[in-house]
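These are my notebook entries from going through one model. I kept each entry to what I looked up and what came back.

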Amino acid sequence: MADKVLMKGNEAIAEAAIKAGCRHYFGYPITPQTEIAAYMAKRMPKIGGVFLQAESEISAINMVYGVAGTGMRVMTSSSSPGVSLKQEGISYIAGADLPALIVNVQRGGPGLGGIQPSQSDYFQATKGGGHGDYHLIVLAPASVQEMADMTILSFELAEKYRVPAMLLADGTMGQMMEPVELPEVDYKPTEKDWTVTGTQMKRKHNIVNSLYLLPEELEKTNIERFERYKAIEENEARYESFMMEDAEYCVVAFGIASRVSKNAVIAARNMGIKVGMIRPITLWPFPKKPLAEAAEKVKGFLSVELSMGQMIEDVKLATECKKPVELCNRVGGMIPTPEQVLEAIKKMAGGEK
Amino acid sequence: MTTNTLIAGFGGQGVLFAGKFMAYKGMLEGKEISWLPSYGPEMRGGTANCSVILSDEPIGSPIVSNPDVLIAMNLPSLDKYEDLVVPGGMIFVDSTLIERKVERTDVKVFYIPTTKLAQEIGAPTLANMIMMGKFIKESGAVTHDDMEAALSKVVSAKRADMFEINLKAIDTGYNY
Amino acid sequence: MVVFEKPKSLTDAELHYCPGCTHGIIHRLVAQAIDDLGIEGKTIGVAPVGCAVMAYNYFACDMVEAAHGRAPAVATGLKRAMPENVIFTYQGDGDLASIGMAETVHAATRNENITIIFVNNAIYGMTGGQMAPTSLPGQVTQTSPYGRDVSTAGYPVKVSEMLSTLDGPEFIARVAVNNIKNIKEAQKAIKKAFENQINNKGFSLVEVVSTCPTNWGMTPVDALKWVDEKMIPYYPLGVYKDRSATKEAE
């Protein structure tokens, strides 16, 4: 086992990506994720990798698209306004069925917004984001350790399903330091039959493409892609269940909101309120099943978010509105306090028991 | 035990550095730790702060809104955070830069002229580490053993010449 | 005896270009260069958005279809990942000189070791004849129905002149394919642009002054004449930058 080191979340992402065999990073400076680029700029040249500061986020994601076509592991990172710029390229990567990792260390929006933590890109990340019918695999780390682990997992899932993956973090997760153990990854690139690496005059040419001028063909590729999405929904939904065994109320929160909520859940338990938490680890696929099951047992849900209420829609869909779903939130770079969440839990439970 | 600490001061006072030292010290003692800095334009010459949590339990929120320990390296930090300290908590004050007294009566207060002491030991940039020495002595959040190990994690090899003076600064605070 | 045959680097797919369009000639020149240099097996082409969008079906090497204007960024990714391979983009004027100007300029200034074939026919062909960044002053298009008014629509972008002011690029040349002599010059320039990449010399761009009889509203023959009479005077042919040649001369 490797020793634990103290690292910023952003640095943990960068080092984990290198451990996972990623040797190509393209980015553009933006707070609060710049440590990722800085780390890559320092490390990549020493290990024969590529760090390139692109002229824009648009260029960076299209460089990613180029490398992704070769089948090599590749990533970019940015924060909310920059990720909006990348949406064109992300849609092309999704449409060409290429694996790649996009990291979004979210900050407040819309527009230029602010630079403090936010989760208000939830819709953009989980519902597609760019044009067309598609999904990204979206993972939401809640610790520096998970920043590392989920970076590695993102590469693996992206490759397994040929679907781009997004690591959806926020300014807090990016900036905070916690001890992290960086796992050794046994990554061996596999031969793929779809890559553009030169025909060597041994095969017909491969084409990386998302253009289908015949509607019948475009329909067919979309339907086939959604069959893969179905498999992802069945196999890859991940979540953490916390104190849910006898829970009468269920907090739903991801990322930094789940960290804050955990304090509140423990405090509420100490007051005798039977509350637990379901923490979605994958935001797409959304962990519908445990929420549907909880809806049969609990009296209500509390969605804790750093947005005006985005994930709450998925909670309502997953629970088919069988029980009330309340929102507890702060936005614009503000973070709910454990006390605020505790108050919301108490209100939902009808006061202290 | 959990100690929620907020270290605050001007950018350039080594607030984040002190927090990192504290975090490493805790980590090397096998504690759960988290370190969260303020970030953005405020760091450039304005105020800076960081939340450090040292705990025997897994850490929930890494944000310290009500600190057990406040380390105030300048007046704006004391003004801003004094009221947020939990009753029974501690406030460490750099009494060279902060002339007023703490108004709270339900907390333990330590006045240390760290900026002055730092100049006296010939390390004018190490008021932060003098404060760390005092913090270690009074808070009991981490032990006084093996300062070298934690220090070696935060003083880079390039600045190895700074190692001894950092140790001296910690000692100065510890023995103040 | 075979006196003329299709380059092997072109597939058998039937080209979709309009009658009289010179894209076909330019495709052949690119494929011929790839054949001559024996690099088909390690070449990867990047197709644009525009009339040449389906170039990926015509070139026999591996191909990537890029988003509008982004081909130089995609090519950068490919080249950085596989420096031993040969990467080229094939782009039109709207793609390269309008929406993709940032990608073009920055690939050039990085001296990215790629080859760019830039087809300038002064119009957006695929979408039906709108004003391009390279449309001539006074040129009538669907979106400049009274002729390009430079007081509101600005002046055409002279890509070769502009890029040759940068320190980065290795080779910038403008050629035309409206007569045999010009086609021969174009062939030389395109081949050199690939050789430069093989010899690790860096960014090489060949601007090819081309035609669009359909959207210019001309017969193919008149279009070729228009190239001589209107296009070339505004876009003079020649080598605008050749760093290695300049160095040797010094």
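How many residues does the contact take from chain A and from chain C? I found 34 residues from chain A and 29 residues from chain C, where two residues are in contact if their C-beta atoms, placed from the backbone, lie within 7 Å.

Before going further I noted that this is a predicted model, in which local features need pLDDT of at least 70 and side-chain atom pairs count only at pLDDT 80 or more, while totals for chains, interfaces and linings use all residues. Residues are numbered from 1 along each chain as its sequence is written, and chains are lettered from A and ligands numbered from 1 in the order in which they are written.

**Chain A against chain C**

I then listed the elements that give two or more residues to the side of chain A that touches chain C, and they are β2 (24–27), β3 (50–53), α3 (57–68), α4 (80–95) and β9 (207–208) of chain A; helices (H or I, at least four residues) and strands (E, at least two) are DSSP runs, numbered from the N terminus. Of these, α3(A) gives the most, with 8 residues. By class I read 16 nonpolar, 16 polar and 2 charged residues on this side of chain A, with Ala, Val, Leu, Ile, Met, Phe, Trp, Tyr, Cys and Pro counted as nonpolar, Asp, Glu, Lys and Arg as charged, and the others, Gly among them, as polar.

I also looked at strand pairing across the two chains, which requires that DSSP finds at least two bridges between the strands. β9(A) is joined by 2 bridges to strand β2 (residues 62–65) of chain C, and the two run parallel. Within this pairing A:Val208 stands opposite C:Val64 in β2(C).

**Chain A against chain B**

For this contact I found 15 residues from chain B and 18 residues from chain A. On the chain B side, α1 (15–28) and β2 (32–37) of chain B each supply at least two residues, and the largest share, 5 residues, comes from β2(B). The side of chain B that touches chain A has 10 nonpolar, 5 polar and no charged residues.

**Inside chain A**

I counted 12 helices and 15 strands in chain A. The domain assignment, which is automatic or from a database, gives domain 1 (4–199 + 222–235) and domain 2 (239–348), and their centres, taken over C-alpha atoms, are separated by 26 Å. Between them, 27 residues of domain 1 of chain A are in contact with 22 residues of domain 2 of chain A. The side of domain 1 that touches domain 2 gets the most from α5(A), with 4 residues, and by class this side has 15 nonpolar, 9 polar and 3 charged residues.

**A:Val315**

Is A:Val315 buried or exposed? I found A:Val315 in helix α11 (residues 311–318) of chain A, and A:Val315 is buried because 27 other C-beta atoms lie within 10 Å; buried takes 20 or more such atoms around the residue's own C-beta atom, exposed 12 or fewer, and partly exposed falls in between, with C-beta atoms placed from the backbone. Leaving aside neighbours within four places in sequence, A:Val315 is in contact with A:Val252, A:Leu291, A:Phe301, A:Ser303 and A:Val325. For A:Ser303 I noted a separation from A:Val315 of 12 residues in sequence and 7.6 Å in space, C-alpha to C-alpha.
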